[in-house]
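Subject: Structure for you to look at

Hello,

Here is the structure I said I would pass on. Please open it first, then read the notes below it.

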Amino acid sequence: MAGPKPHPYLNVLGPVELVNARGMPPDRAPKQCLEYCGWLLHHPGQTPLSMANSLLVSESTRRSNMSRLRIWLGRDDTGTPYLPDAYSGRIKLHPDVSSDWEYFSMLMVGGVQRANKEAMIQSLGLVRGAPLADTAPGQWHWAEQWRIEMIKAIRDIGVTLANQAMDDRNFDLARWAASTALIAAPEDDKLMTARLRTEHLAGNDMEVTRLAMHITRMARTIGHDLPDEMIELIHTVLL
C-alpha cells in the first residue's frame, strides 16, 4: 500500500523551484506564483492588502496569481488545500508547505557556533547556487534582506566548517565546505582565505599559486583592497 505523498516544498537556496506540488504548473505567470509562495512562507498570516502592497501588484493581479498558485499546490491526502481561502482576512499556507531555507534554519537553530559538524554538512548540502539565483528583474524586490541573510548564513557555515575540518586535517571536507559556500557568496574574503589555507596545509602548491593569483587579480579588477589577513596569508603561502 502506498504511503502518504510528500508535501510541496519551495527551493530558494539556488534557482527557485517548487517541488512535490500536487497540481499542474500554470501556463501563465509561473515565476510570479513562485514569488507569491516565497512571500507567503516568509510572511505568514498577513492580509491581502499587505501582500499586494509588498509585491507592488494590483488586487486583481494578486487574486489571479493566488488562484493559479492554489491550483498548482493542490491538496493534501485529506483533501485540504495547501493554500486555503483567506476567509479570516489572513493568508496562510498549509502548515506542511515548507522550504529548503526553513529546513536549513532548523538545522542551524541556535547559530553556527552551537551547530555540530553533521548539521553544518547537511545545511551546506542544501545549497544549489546563490539564493534566489534565477529571479526575474523586478521580482523578489521585497526579499533583498532575506537574500542577504541567507548568503551570510551560508558564508558563516562554510568558514566555520572549513576551519574545523582543517584542524582535523580533513582537507577534502574543508575544500568542499568553502567551495560550496562560495557558490552563494562568490569572492568572499573569508571563504577565499579558507580555500587558500586548505591548499597550503594540504601541500598543493600549484593550487595555492592559482588561488593567490585569482584573488589578487579579482581585487585589482574590482578595485578592492585585500584585508591585512589575506595579504599576510598570501605572503606566507607563496614563500
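A residue counts as buried when its relative accessible area is under 20%. Keep in mind that this is a predicted model.

By that cut-off Ala-165 is buried, because its relative accessible area is 2%. Ala-165 sits in helix 6. Leaving aside residues up to four places away in sequence, Ala-165 touches Asn-170, Leu-173 and Ala-174. For a sense of scale, take Ile-71: it is 94 residues from Ala-165 in sequence, and the two C-alpha atoms are 46 Å apart in space.

Next, the partners of helix 6. Two packed helices are described by the angle between their axes and the distance between the axes.

Helix 7 covers residues 171-184, and it packs with helix 6 at an angle of about 165°, the axes being 8 Å apart. An angle over 145 degrees counts as roughly antiparallel, so helix 6 is roughly antiparallel to helix 7. Their crossing is left-handed. On the helix 6 side the contact includes Ala-165, along with Ile-151 and Met-166 among others. On the helix 7 side, Leu-173 and Ala-174 are among the residues that take part. Sorted by class, this contact has 14 nonpolar residues, one polar and one charged.

Helix 5 (residues 117-125) also packs with helix 6 (residues 144-167), at an angle of about 135° and with the axes 10 Å apart. That angle makes helix 5 oblique to helix 6. Helix 5 passes helix 6 in a left-handed crossing. Helix 5 contributes Lys-117, Met-120, Ile-121, Ser-123 and Leu-124 to the contact. From helix 6 come Ile-154, Ile-157, Gly-158, Thr-160, Leu-161 and Gln-164. These residues divide into six nonpolar, four polar and one charged.

Last, the aromatic rings. How many aromatic pairs does the structure hold? There are three. The ring centres of Trp-140 and Trp-142 lie 5.4 Å apart with the planes at 25°, so this pair is stacked. Planes under 30 degrees apart count as stacked. Trp-142 also pairs with Trp-146: the centres are 5.9 Å apart and the planes are at 25°, so that pair is stacked too. Are Trp-140 and Trp-142 buried or exposed? Both are buried, and Trp-146 is buried as well. Ring pairs link Trp-140, Trp-142 and Trp-146 into a cluster.

Regards

Note on methods
Residues numbered from 1 in each chain as written. Predicted model: local features only at pLDDT ≥ 70, side-chain atom pairs only at ≥ 80, totals over all residues. Heavy atoms only, no water. Phe/Tyr/Trp six-rings, centres within 6.5 Å; stacked < 30°, edge-to-face > 60°. Buried < 20%, exposed > 50% of the residue type's maximum accessible area, 1.4 Å probe, protein only. Axes fitted to C-alpha atoms, helices over the stretch in contact; angles between N-to-C directions. Helix = DSSP H or I, 4+ residues; strand = E, 2+ residues; numbered from the N terminus. Parallel < 35°, antiparallel > 145°, perpendicular 65-115°, else oblique. Left-handed = near helix turned anticlockwise from the far one by under 90°. Contact = heavy atoms within 4.5 Å. Nonpolar A, V, L, I, M, F, W, Y, C, P; charged D, E, K, R; others polar.
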